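Subject: Structure handover

Hi,

Here is the structure for your files.

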Amino acid sequence: MATKRRPLRPNLGSNPSSPSGSNMNFRPGGPDITRAEARGTRPTAAPTSIREILVMGVIHLCKKTIFFNTDLKVALYLGSLFVISVIGDFVPFPKTYFARSDNLFNMYFVKVGWGWTLLFAVPFLVLSAYTITCGDHKKMLRHHFPRIVIATFFWFFWTKLFNVVETSYGRCTTKGYQSKSSCLKAGHLWQGFDISGHAFILIHSSLVLIEEARPIIRWETIKEHIRNELHNRSSAEASGTNPLRTLNEEQMRSLQFLYKRLTPIIRTLFIGMAALQLLWDIMLVGTMLYYHRMIEKVISGIIAILTWYFTYRFWYPTPGLLPEAPGNGSFSYQREIPTFPFKRPSHLSTPAGGTSAGASTSRANLNGKSASTTSVPRDQQIPTFMGMPLFTNAKAASAAANLLQAEQNKRDRDQQQLDS
């Protein structure tokens, strides 16, 4: 015979018509819920719209494209420069439209390739750095914007040096012309060691776009950090893992405003950067087949890769040197934060100061072997659900454990009074 369920909270009131009466078998909510009853809760994210889902899908595909193992991509650049260039030097390929130096892509993309790169990289860098520095424009200009200036300097320096080498160490196909300009004006050809500026600018631009786009990694987690930190501050709870805990109130307001306003623009610019980087890779293949000799393209590729490695892998990540690496700001949102401890504490039902079923219990460790572990003190206990901890903060876990234990003791006393 079925029995009537015992009320979860029989002490909330005796009025049967009240919503919080003793016949309630659920935890009441609403604006009148006390702080103790709401302890341990976290604000939930708003429902995601279909448009947001589609945008995040496109962003995910762009991330897969542009962040494809950079070290492997660099190796592919060098290998393909050698292999495809050798094939292009010795195997006659049909002269298509793309083999002409006046084709549309060469005239309006490659020759002004650095301009296209700056068109997307500069606003993306400024807006993303301005956001993660919480609106500190001086810090943005000092710690991040110089990266674009340095990349532009190396582009200008190397391309000019390539022209100097070609002009200084070359000769005209017709005798009597000592300079490249006079030889070309007369309608002749100038034969020199022409280090490929096409290969350099395409590889250099691709690597700069890849590195400058890195702030978009885990960008969506900033929204979650803001929501949790605002909740922690409103409830006077200290969080030991939230990266925004060190920001003051003014920085929090600036971050909240800038993230909401600038994120759609930053995402659009990132999609453009991913598409442009893919275009540079495609056009690099055409450069390998139709322009310059193999040695000229390999040398330009090596220079572009060494420039990238010196700046983005050695200079910027070095602590104490400016500018900083992409993604560094007033808080660290790209660092993986461990959510659960390696050793799972015992369940809340373990009595304080004692052990459950003896001084030690046998449990299986991560390797499947049996190990003997002692009980965990109450102040270090973490409540679990389906075997997984609900809290990462020992202080919050202890408070929740005390609250649950107090409620359970009170329900037991009330039940004993009813039975007597």
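Buried means under 20% relative accessible area. Cysteine 172 has 6% relative accessibility, so this residue counts as buried. Keep in mind that the model is predicted.

Disulfide first. The structure holds one. Cysteine 172 and cysteine 183 form it, with 2.0 Å between their sulfur atoms. The link of cysteine 172 and cysteine 183 is right-handed, at 70 degrees about the S-S bond. It links distant parts of the chain: cysteine 172 sits in strand 1 (residues 170–172) and cysteine 183 in helix 8 (residues 180–185), eleven residues apart. Cysteine 183 is at 0% relative accessibility and counts as buried.

Two further cysteines are listed here for burial. Cysteine 62 counts as buried at 11% relative accessibility. Cysteine 134 counts as buried at 7%.

Now the rings. There are 18 aromatic pairs in the structure. In one of them, phenylalanine 153 and phenylalanine 154 have ring centres 5.5 Å apart and planes at 65 degrees, so the pair is edge-to-face. Phenylalanine 154 has a relative accessible area of 15%, so it is buried.

Tryptophan 219 and tyrosine 333 also form an edge-to-face pair: 5.9 Å centre to centre, 90 degrees between the planes. This pair links distant parts of the chain, 114 residues apart. Tryptophan 219 lies in the loop between helix 9 (197–212) and helix 10 (221–234). Tyrosine 333 lies in the loop between helix 12 (294–315) and strand 3 (360–364). Both tryptophan 219 and tyrosine 333 are buried.

One aromatic cluster is formed by Phe153, Phe154, Phe157, Trp158, Phe162 and Phe200.

Best wishes

Notes
Residues are numbered from 1 along each chain as its sequence is written. This is a predicted model: local features need pLDDT of at least 70, side-chain atom pairs count only at pLDDT 80 or more; totals for chains, interfaces and linings use all residues. Side-chain values use heavy atoms; hydrogens and water are left out. A disulfide is a pair of cysteine sulfur atoms within 2.5 Å. Helices (H or I, at least four residues) and strands (E, at least two) are DSSP runs, numbered from the N terminus. Buried means under 20% relative accessible area, exposed over 50%, partly exposed in between (1.4 Å probe, protein chains only). Rings of Phe, Tyr and Trp (its six-membered ring) pair if their centres lie within 6.5 Å; planes under 30 degrees apart count as stacked, over 60 as edge-to-face and the rest as tilted.
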